[in-house]
Structure formats: C-alpha cells, structure tokens
Amino acid sequence: MNNALRITAFAAALAATFGTAYGVGRSVDPLVAAEDRPAQQHGGHGGGEEGGAKKPAADHAPGGLQISEGGYTLDLATPTVRAGARTEIRFAVKDDSGRKVTAYQREHGKELHFILASTDLTQYRHLHPVRAADGTWSTPVDLPEAGGYRVFADFTPAAAGAGNLTLGADLAVSGAFRPAALPAPGTTAEVDGYRVALGGELRAGRSGELKLSISRNGRPVTDLQPYLGAYGHLVALRSGDLAYLHVHPNEGGPGPDVSFTATAPSAGTYRLFLDFKHEGKVRTAAFTVRVAEAGKDDGGHREGGAGEPAGHAH
C-alpha cells in the first residue's frame with residue numbers, strides 16, 4: 001500500500017468517531033437466500049449453551065474484539081473501500097499455520113455470517129459472502145457514507161475440537177463524512193410500515209430474555225417467515241468498542257413475538273439489530289438500550305434493566 005493510500009485509510013478510520021447515519025431501519029436483502037426451515041431450538045451463532053447452542057471458543061470476553069483467537073485469524077484483503085461505490089470485499093480465515101480455512105460447520109444455514117457496522121452504530125449490514133474453493137470469501141457492498149467501520153466473521157471451523165469464533169477487523173470507507181450521534185434509547189422501532197416493540201431485559205453479567213413484538217397497521221404479524229433458521233435474528237453491539245454479543249433465538253412460532261436470550265458483558269450502551277422476514281423480504285429494526293451495572297437500578301428500571309422507555313425508532 002503506498003503512502004497516499006495509507007494516509008487516506010488512516011483519515012477515514014479517524015472519522016469513525018463521527019460516522020454517518022444511513023437510516024438503519026431499512027430493508028435488507030440477503031445476498032444468499034437463507035434456509036427456509038426453522039429449527040425447533042437454536043442457539044446464537046455459537047453462543048452459550050442456553051437455547052441449544054454450542055459453547056463458544058472463549059467465554060471470558062465478547063466476540064469481535066480480536067482479529068486472531070483460538071488459532072484462527074481474520075485476513076481482510078480489502079481494508080479500504082470508497083463511499084458510494086459498489087465494491088467487492090474479500091477476506092479469508094487462516095489457521096495457525098497460515099492456511100486458508102475451507103471447511104466449516106453450518107450455523108443457521110450458513111458456513112459463515114458476515115456482519116458490517118459503522119463504529120457509530122448507525123449503519124449495519126448482515127451479509128452472506130460466497131466462499132471460493134481456496135477459502136477466499138467475497139461479497140459485494142455499497143456503503144454510501146464515509147467513516148470507520150468494523151467487520152465481524154462469525155463461524156465455527158470444522159476441525160475437531162474447534163469452537164465458535166467471532167473475529168473482527170477494521171474497515172475504512174474513504175470520502176466526505178458528516179457527524180452523527182448514536183440514536184437515543186427507545187423501545188419501539190418503525191421500518192417499512194412495521195412497528196417493532198422491545199420488551200424484556202438485557203442485563204450485565206446475567207442471562208435475560210428480550211422479546212420483540214412485530215405489528216403492521218395496528219395488527220400483530222402472525223405469519224413471519226423463517227430467516228437463518230428462526231423467525232428472527234438479533235445482533236447486539238456494544239457502543240464504544242463494538243463488542244459483538246452472541247444472542248440466542250428461542251423456540252417459538254411465526255409471530256407476532258420473537259424472543260432471544262442474551263447476556264451483556266458489562267454495563268453500557270448497546271445497539272440491537274433485529275432482522276425479520278415477512279412477505280419474502282428481510283427488514284431490520286434497530287434499538288439503542290442502556291444496561292446498568294449489576295445490582296444497580298438505571299433510572300427507575302428493574303435491576304439490570306435494558307431499555308429506556310422514551311425515544312422513537314431509528
């Protein structure tokens with residue numbers, strides 16, 4: 001990489017603190033269709049043992065904070081893209097000998113889940129890249145705004161004894177940027193005429209249930225379609241360092257309620273992204289929640305309560 005490009009990438013990464021809103025509550029079209037058969041019970045992508053999930057490779061820290069863990073490394077071959085240009089992101093997962101991994105266990109119908117989020121948590125993509133025979137993954141992406149981003153590869157190698165891993169790497173999107181603040185906490189979100197209400201608790205250091213209720217035109221949606229092996233998929237990212245939480249979909253029917261089991265690793269502010277499928281289209285609803293320190297009450301909520309009741313959808 002020449003010096004000019006290094007400077008451009010560095011400048012774009014510095015812009016992360018001021019990232020740009022893109023309206024996360026927008027429609028999302030998965031690049032590869034998910035399996036349409038919902039499992040009776042699933043864990044998050046290799047989350048804890050609750051909900052029938054596999055135990056992660058490391059329980060002591062949330063995922064996505066490290067580029068290497070458990071003998072595997074995320075090699076991002078495209079660390080810089082340009083805002084407003086359709087670009088192909090290429091990457092590979094390498095083992096401790098430097099070989100590209102070509103065999104994975106399938107989790108929720110996919111060998112690998114690829115999450116992309118701006119560091120201000122106002123932009124979000126859940127993509128499903130394609131793997132070449134040599135172990136190189138690729139996916140097209142079009143990011144209209146500049147700033148700093150984080151990419152997450154969530155996968156379980158097929159190697160004996162390997163656990164689930166979420167590895168993260170920084171992505172710089174060059175171009176002009178506009179500052180944006182994290183959306184205010186809230187318990188409702190609006191997207192494409194759907195209203196999603198958030199209930200339950202996200203608690204620091206303890207397991208809690210989150211329930212999301214989906215309605216349209218004032219009526220409950222009771223015919224959700226399976227997406228990634230369940231009737232909804234939830235990703236939680238911690239503001240500040242973008243720690244990735246494994247969130248476990250619970251057994252349930254096709255709406256209007258979709259529930260998940262999750263544990264926040266610490267107090268702080270989190271951004272929740274719910275993907276749900278209805279009438280053949282995947283949509284994303286996003287929420288900002290605050291988690292109090294264990295044993296403390298946050299603004300009149302129950303111990304460890306998650307969301308502020310005020311605020312609107314974003």
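Trainee: Which residue in the turn of the hairpin formed by S8 and S9 has a positive phi?

Mentor: Bear in mind that this is a predicted model. Strands S8 and S9 form a hairpin with four residues between them, and these two strands pair in the antiparallel sense over two bridges. In the turn, the residue with a positive phi, of about 95°, is glycine 135.

Trainee: In S9, which residue is the bridge partner of valine 130?

Mentor: Strand S8 covers residues 130-131 and pairs with S9, and valine 130 belongs to that pairing, with its bridge partner in S9. That partner is serine 138.

Trainee: How many bridges join strand S5 and S9?

Mentor: Strand S5 spans residues 86-95 and pairs with S9 in the antiparallel sense. Within these strands, phenylalanine 91 stands opposite tryptophan 137 in S9. The number of bridges between S5 and S9 is seven.

Trainee: Is strand S9 largely enclosed by the rest of the structure or largely open, and how many of its seven residues are buried?

Mentor: A residue counts as buried when its relative accessible area is under 20%. Tryptophan 137 is buried at 3%. Strand S9, residues 136-142, is largely enclosed by the rest of the structure, because the number of its seven residues that are buried is five.

Trainee: How many aromatic pairs are there, and are the rings of phenylalanine 91 and tryptophan 137 stacked or edge-to-face?

Mentor: The count of aromatic pairs comes to seven. For phenylalanine 91 and tryptophan 137, the ring centres are 6.3 Å apart and the planes lie at 10°, and since planes under 30 degrees apart count as stacked, this pair is stacked. Phenylalanine 91 lies in strand S5 and tryptophan 137 in strand S9, so the pair ties together parts whose separation in sequence is 46 residues.

Trainee: Which charged residue lies over the face of tryptophan 137?

Mentor: Tryptophan 137 also belongs to one aromatic cluster with Phe91, Tyr104, Phe114 and Phe155. Over the face of its ring, at 5.9 Å from the ring centre, lies arginine 131.

Trainee: What share of the residues of the protein chain counts as buried?

Mentor: The protein chain holds one helix and 21 strands, and its accessible surface comes to about 13,300 Å², of which 49% belongs to carbon and sulfur atoms. Of the 314 residues of the protein chain, the share that counts as buried is 51%.

Terms used: Residues numbered from 1 in each chain as written. Predicted model: local features only at pLDDT ≥ 70, side-chain atom pairs only at ≥ 80, totals over all residues. Heavy atoms only, no water. Buried < 20%, exposed > 50% of the residue type's maximum accessible area, 1.4 Å probe, protein only. Pairing = 2+ DSSP bridges. Areas by Shrake-Rupley, 256 points an atom, 1.4 Å probe, with all protein chains shown as cover. Phe/Tyr/Trp six-rings, centres within 6.5 Å; stacked < 30°, edge-to-face > 60°. Lys NZ or Arg CZ within 6 Å of the ring centre and 35° of its normal.
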